[in-house]
Each structure stands twice: as structure tokens, then as C-alpha cells.
Amino acid sequence: MRPSAPRLVRRSPVHDLLEPMYPVWTEVQGMAAVLRFSDPEQEERIKERLALADLSCLPRLGLKGAGVLAWLRENGLQTAETLYAVAPIEDHGILVRIDREEVILEDGLQGRVVSRIRDRLSANPPGIYRVERQEASFLLIGSRTNDVLGQTCGHDFRESAGQVVLSRVAGVSCRLLQLEVSGIAGFRIWLDPSYSVYLWKTLLGIVREDGGDAVGLGCLHPGLFQASSLKG
């Protein structure tokens, strides 16, 4: 018997922009995701200069409530002490504290923390409330990323290492995190999915003008969310 294809139950908000680029697809936790657009060696070179990747496939979960931080620690997760600080979770995932009693969890490519925490919410722990997180998510990576952010974002990131920043990129409200992927500087960008097509087109246009291009997950894994810039 041939193995059945993975069931796709989620869809990237920029999927229709990626498909005409004829990528090689893979599947990440129920969503079609781009493995690569071109030759793997070429994408390795592109990401060192300037590249844009769609990471909307990474599962996300929001939690809020008076008991959320203590409950997460009881379940083996490290939580940050300060607002907007980021703590690493297993398999290259992250936990972001976005308010005094509210956090966002995001799995890495092979992580299972989000699904495990969802399962444990079925026991209705007191004071814990689930918040659906359907943001689009991109990665801007390469030695020229600061030039792109310099054209599109007014925030000075020199004072926000290891912290999520709320700012506008090309006029769109976003959450941004400066990090490294396999030693290469980059920025994670999260935004409301209704603005994702506009922002993807805008950023990719700037990236291509500077000699870069879109890349898939193949050249990013396993260094995605390298922990060197993430502190609890």
C-alpha cells in the first residue's frame, strides 16, 4: 500500500503569490510550504546576501489569563521575565511574552509544543484562556537586511536585542524580532494576514532590487531560530 499524502488543513495567506513561482513544496504540520524555489546551492548564496522566506507554516498559539505564566512553568516551559522578551522552547520554537499575562508560543519546523499545550487545555486549567493566532510570518535574512528595514521601518533595533518590537514596516503594523539563522543576521516579521500579500510584494520587490530573492525552508533548516539571540 502506498503511503497517503499528508492532509493539508492550513494554507499560507501568501500561497497564491508563491505558486506562480513554481517552487518545490513540502508539508509542515498540515500546511504546504516552500522547500525551495531554485537550486539549493544558489539559495544558500542568496540567503547570505538578502532573501525573503514565508514562515506562515509554523504553528502558533496564544494564551492569556492570570495563571498563564505559572501554568506554563508547571508544564515545563521557560517564560521570560520582561515584556516582549523571547524564550526558546524545544525544537527551535519560541515563547514571546506580549503582555503581563499573555504569551504567544510558536513551534519550530518539527516542534510539537503547540499541539501538546493545546491538548492540555482540554482539561480547562483555571485562569487560562486560548487565543487563536493566525498571523502571517516572514523571515528577512542576509547581510543587507538592515538596508531593507532602513527603507521601510523607523525603529532603531540596536536597543532591542532579544526582544520582540512593535513597529510599522512599509506602513503595516508588525511584530519584529532580530535574530540569527546559522550565523546570518535576519528579522522575523509577524503581521495580520489581511496585509500579508501587500507586504510580501513590497518586501520582495525591494529584495530583488538589491540582488536578492525569495528562498524556501530548505536553506534555513536546521538553523532556524538559532538560540544565540534568544534569552529568557
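Q: What makes the five strands β5, β6, β7, β4 and β8 an open sheet, and in what order do they stand?
A: In this predicted model, the five strands form an open sheet in the order β5-β6-β7-β4-β8, and the pairing is antiparallel. The edge strands are β5 (86–89) and β8 (129–131), and each of these pairs on one side only. On average, neighbouring strands of this sheet are turned by 25° against each other, with direction ignored.

Q: Which helix lies across β4, β5, β7 and β8?
A: Helix α4 (residues 113–121) lies across these strands, with β7 at 102–106, and runs at about 45° to β4.

Q: Why are β10 and β13 called edge strands?
A: An open sheet of six strands has the order β10-β11-β12-β9-β3-β13, with mixed pairing. β10 (164–169) and β13 (213–214) each have a single partner strand, so one side of each is left without a neighbour in the sheet.

Q: How do you know that β11 and β12 pair?
A: Strand β11 (residues 172–181) and strand β12 (residues 184–191) share eight bridges in the antiparallel sense. Leu179 has Gly186 as its bridge partner in β12.

Q: Which helix lies across β9, β10, β11 and β12?
A: Helix α5 (residues 145–152) lies across them, with β9 at 136–141, and runs at about 35° to β12.

Q: Why is Leu35 called partly exposed?
A: Leu35 has a relative accessible area of 29%. Buried means under 20% and exposed means over 50%, with partly exposed in between. The value of 29% falls between these limits, so Leu35 is partly exposed. Leu35 lies in strand β2 (residues 31–36).

Q: What makes Val24, Trp25 and Gly216 contacts of Leu35?
A: Contact means heavy atoms within 4.5 Å. Leaving aside neighbours within four places in sequence, Leu35 is in contact with Val24, Trp25, Thr26, Glu43, Gly216, Leu217 and Gly218. Leu35 and Gly216 are 181 residues apart in sequence, with their C-alpha atoms 4.6 Å apart in space.

Q: What makes the protein as compact as a globular protein of its length?
A: The protein has six helices and 13 strands. Its radius of gyration is 17 Å, and the globule rule gives 17 Å for 232 residues, so the protein is as compact as a globular protein of that length. The C-alpha atoms fill a box of roughly 55 × 50 × 30 Å along the principal axes.

Q: What percentage of the 232 residues is buried?
A: Buried residues make up 51% of them. The protein exposes about 11300 Å², of which carbon and sulfur atoms supply 48%.

Methods
Residues numbered from 1 in each chain as written. Predicted model: local features only at pLDDT ≥ 70, side-chain atom pairs only at ≥ 80, totals over all residues. Heavy atoms only, no water. Helix = DSSP H or I, 4+ residues; strand = E, 2+ residues; numbered from the N terminus. Buried < 20%, exposed > 50% of the residue type's maximum accessible area, 1.4 Å probe, protein only. Pairing = 2+ DSSP bridges. Axes fitted to C-alpha atoms, helices over the stretch in contact; angles between N-to-C directions. Rg over C-alpha atoms; globule rule 2.2 N^0.38 Å. Areas by Shrake-Rupley, 256 points an atom, 1.4 Å probe, with all protein chains shown as cover.
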